[in-house]
Amino acid sequence: MLDKAAHENFPVAPFFVPRAWRDDLMAVYGFARLVDDIGDGDLAPGGRDAELLGLDPAQGDDRLAMLDAFEADLLRVFNGSGPGPRHPLLRRLRPTVRRCGLTPEPFLGLVEANRQDQRVHRYATYDELLAYCELSANPVGRLVLGITGTTTPERVRRSDAVCTGLQIVEHLQDLAEDLGRDRVYLPAEDMKRFHVTEADLTRPTSSASLRALVAYEGERAGELLNEGTPLVGSVHGRLKLLLAGFVGGGRAALRAVAAAGHDVLPGPPKPTKLSLLREVGATLRREG
């Protein structure tokens, strides 16, 4: 599972961060990947994860039952007196939680986001989508601040803007894949405004109207990244480079979407390594 970290828009725990941070970041990433794989139905066949969580292996395809069992096992991470968690990825998370003084709330938010994915497949308004990102994306940034011991109210606000922007970028890149899961993260009010229907999302290539809509949502994501960018200038050292990587990765992804003419249906437009480095460098110069 952790090999998926290499395929994100920016490395989750790059080589230059201190070893302790890297271990903690990968522990949190392992949690986040597992809960997403449960919610997306992407677990390895055979029901091994269900068995580890105390369920019958046949329940491995019951996403809500799996999420409930996973949440119960997660709470064992924070229970100092009871039995420890069953799942090895949660056992790996326990030292990180204790060392960094992390609270359950961000982890529970990520579980709830995946529950929401089981019952909510469309979003009527942009505000509804932002509320979803509050669960599905923003906890990750808060956990990074917690791991690095740099949490302040202002940094949390900036981090939330970056994480929501990154989530919207990812939604744009994965438009076709998400539709295959019967999920549409384009707000219905915006689709109506741009005269885009769900039938337009099933085509091999994007119509002019869909391209215009993707460009519009990309601008919104870019504004969120800009709003959050001062977070980079508020820290120092290798953390500054890590956060610049997250922001630069989002901007490079947006440039890749634009370079594809905002046609995301043939496949997710991905930034090149050179583009990524340029955006990270530009972010550092701007916030240095």
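Begin by selecting the charged side chains: the chain has 36 positive and 40 negative ones, and the centres of the two sets lie 7 Å apart, where Lys and Arg count as positive and Asp and Glu as negative, with His and the chain ends not counted, and where the place of a charge is taken as NZ of Lys, CZ of Arg, CG of Asp or CD of Glu. This is a predicted model, in which local features need pLDDT of at least 70 and side-chain atom pairs count only at pLDDT 80 or more, while totals for chains, interfaces and linings use all residues. Residues are numbered from 1 along each chain as its sequence is written, and side-chain values use heavy atoms, with hydrogens and water left out.

**The whole chain**

Switch to a cartoon view next, where the secondary structure comes to 14 helices and zero strands; helices (H or I, at least four residues) and strands (E, at least two) are DSSP runs, numbered from the N terminus. With the C-alpha atoms displayed, the chain fills a box of roughly 60 × 45 × 30 Å along the principal axes. The radius of gyration of the chain is 19 Å, which agrees with the value near 19 Å that a compact globule of 288 residues would have, the radius being taken over C-alpha atoms and the globule rule being 2.2 Å times the number of residues to the power 0.38.

Colour by accessibility, and 54% of the 288 residues count as buried, a class defined as under 20% relative accessible area, with exposed over 50% and partly exposed in between (1.4 Å probe, protein chains only). A surface view shows an accessible area of about 13000 Å², of which 54% belongs to carbon and sulfur atoms; the areas come from the Shrake-Rupley method with a 1.4 Å probe, and for residues only the protein chains shown count as cover.

**Salt bridges between helices**

A search of the whole structure finds 25 salt bridges, each a side-chain nitrogen of Lys or Arg within 4 Å of a carboxyl oxygen of Asp or Glu.

Select E71 and R115, whose closest N and O atoms are 3.1 Å apart in a salt bridge. E71 lies in helix α3 (residues 63–78) and R115 in helix α5 (residues 104–119), so the pair ties together parts that are 44 residues apart in sequence. E71 is partly exposed at a relative accessible area of 21%, whereas R115 is buried at 12%.

Go on to R142 and D160, whose side chains meet in a salt bridge at 2.5 Å, N to O. Because R142 belongs to helix α7 (residues 138–147) and D160 to helix α8 (residues 153–173), this pair ties together parts 18 residues apart in sequence. R142 is partly exposed, with a relative accessible area of 32%, while D160 is buried, with 12%.

The next stop is D190 with R220, a salt bridge in which the closest N and O atoms are 2.8 Å apart. D190 in helix α10 (residues 188–193) and R220 in helix α11 (residues 208–228) are 30 residues apart, and the pair links distant parts of the chain. Are these two residues buried or exposed? Both D190 and R220 are buried.

**Around L254**

Finish at L254 in helix α13 (residues 237–259), which counts as buried at 16% relative accessibility. Leaving aside neighbours within four places in sequence, L254 is in contact with V169, G218, A221, G222 and L225, contact meaning heavy atoms within 4.5 Å.
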